[in-house]
Amino acid sequence: MQTLEPLPHAVRFQAAPVPCELAALAVQALVDEAELTPKPGLVDRRGSGAHHDLTLDLMLSSARTLRPFFEAMAAAGLHGRVDHVLREELGSLGRDAEAAMLVTTCGVNTHRGAIWALGLLVAATARTGGFDLDEIGGAAAQLAKTPDRQAPWASSHGANVLLRFGATGARGEAIAGFPHARLGLRSLRAARSRGCGERTARLDALLSIMSRLNDTCLLHRGGTATLEAAQTGAQRVLDLGGYETVAGRQAFAALDAVLMQRWASPGGAADLLAATLFLDSLARQWEGD
Ligand SMILES: CC(C)(COP(=O)(O)OP(=O)(O)OC[C@H]1O[C@@H](n2cnc3c(N)ncnc32)[C@H](O)[C@@H]1O)[C@@H](O)C(=O)NCCC(=O)NCCS
Ligand SMILES: Nc1ncnc2c1ncn2[C@@H]1O[C@H](COP(=O)(O)OP(=O)(O)OP(=O)(O)O)[C@@H](O)[C@H]1O
């Protein structure tokens, strides 16, 4: 099994993780997701994927901008109960984080879905005070289910996709306790225990998520045909042994080409890979491995 490099500036948790440590892990997860290469249709070290307005530098600047907001979300989780008050505090912090992201990126959406997923997860982790996936997923789900009475009505791609296709998107994933982030974590660990290198393990985790997720980014750009092409393409790579096999890498290149041709980017799966990497780094810090 591959030895993992220690996280930069990471400390071993002696007790429940504190907000600044959780924020550092959340930002590192976003950096790791953005830098992972190659990713089908997504921004990576090779380029902008199926995006005109995103670059790797923009993704990295955006990730760093979010750190104080994740820290504030974790602090809110540490001190609050899972109720309306905490939900509305997180909603307000989430909107502030989105506004700061848009200032950094001059108006480009780099991390909207990621702020939501990681914001809920850092708050839930601080609240539960330990590393138990069921407890963290349960607290995050409870927060996501709680209505935010302060939320302004706003149209979004996700809202349109819900109306057109019935896909519940980022909200549905959180309300269900992040099943696809947990699928990603299982896939990541299974690949590592098969002896895969870290990059391959992370790519297989992304493919596992893509193969099952109803990603509203894909539905918005290309409807059900594009979603199905992404899901079956990702499953085909996995069926051929994943990114580590020659046949798997050929199928991966075909998937990348299909998504580029359709100009489609699986942004929801990318967010959930970041959530997977956050949960994984948390487990490694907690277990001290
Ligand atoms: C729930 C959010 C994501 C809005 O959802 P909506 O679907 O309306 O938005 P939008 O179309 O802009 O897309 C959201 C993003 O979610 C990601 N996504 C897409 N599909 C999925 C999926 N199936 N599962 C998870 N994430 C997904 C993508 O990155 C996508 O870009 C969120 O931005 C929000 O409500 N923020 C308000 C602030 C808040 O309450 N924060 C609380 C905790 S931080
Ligand atoms: N590496 C990545 N490349 C591209 N998108 C990513 C990446 N990582 C995360 N994402 C997620 O993808 C979303 C951006 O996707 P997209 O550009 O499709 O959204 P949009 O700007 O709302 O829609 P569109 O570009 O179709 O008008 C962000 O919310 C972000 O969280």
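Author: A residue is buried if 20 or more other C-beta atoms lie within 10 Å of its own, and exposed if 12 or fewer do. The model here is predicted.

Reader: Is F178 buried or exposed?

Author: F178 is buried, because 26 other C-beta atoms lie within 10 Å. F178 sits in the loop between helix 8 and helix 9 (179–193).

Reader: What is the backbone angle phi of F178?

Author: Phi of F178 is near 60 degrees, which is a positive value in a residue other than glycine.

Reader: Which loop holds W263, and what is its phi?

Author: W263 is in the loop between helix 12 (246–262) and helix 13. Its phi is positive, about 55 degrees, although W263 is not a glycine. W263 counts as partly exposed because it has 14 C-beta neighbours inside 10 Å.

Reader: And R81, buried or exposed?

Author: R81 is exposed, since 9 other C-beta atoms lie within 10 Å. It belongs to the loop between helix 3 (67–79) and helix 4.

Reader: How many residues separate R81 from I209 in sequence, and what is the distance in space?

Author: R81 and I209 are 128 residues apart in sequence, and their C-alpha atoms are 31 Å apart in space.

Reader: Which peptide bond is cis?

Author: One is the bond from T37 to P38, where omega is near 0 degrees. P38 lies in the loop between helix 1 and helix 2 (56–65).

Reader: Now the ligands. Which residues come nearest to ligand 1?

Author: A shell can be read by its nearest residues, by the elements that supply it and by residue class. Of the 28 residues around ligand 1, the nearest are G94, G113, G119, G158 and G268. Two or more residues each come from helix 4 (84–104), helix 5 (112–128), helix 7 (157–165), helix 8 (169–175), helix 11 (216–239) and helix 13 (267–287).

Reader: Which helix gives the most to the shell around ligand 1?

Author: Helix 5 does, with 6 residues. By class, the shell around ligand 1 has 9 nonpolar, 12 polar and 7 charged residues.

Reader: Which residues come nearest to ligand 2?

Author: L42, V43, G113, G267 and A270 come nearest, out of 21 residues around ligand 2. At least two residues of this shell are supplied by each of helix 1 (19–35), helix 5, helix 11 and helix 13.

Reader: How many residues of the shell around ligand 2 are nonpolar, polar and charged?

Author: The shell around ligand 2 divides into 8 nonpolar, 9 polar and 4 charged residues.

Definitions and conventions. Residues are numbered from 1 along each chain as its sequence is written. Chains are lettered from A and ligands numbered from 1 in the order in which they are written. This is a predicted model: local features need pLDDT of at least 70, side-chain atom pairs count only at pLDDT 80 or more; totals for chains, interfaces and linings use all residues. A residue is near a molecule or strand if its C-beta atom, placed from the backbone, lies within 6 Å of it. Helices (H or I, at least four residues) and strands (E, at least two) are DSSP runs, numbered from the N terminus. Ala, Val, Leu, Ile, Met, Phe, Trp, Tyr, Cys and Pro count as nonpolar, Asp, Glu, Lys and Arg as charged, and the others, Gly among them, as polar.
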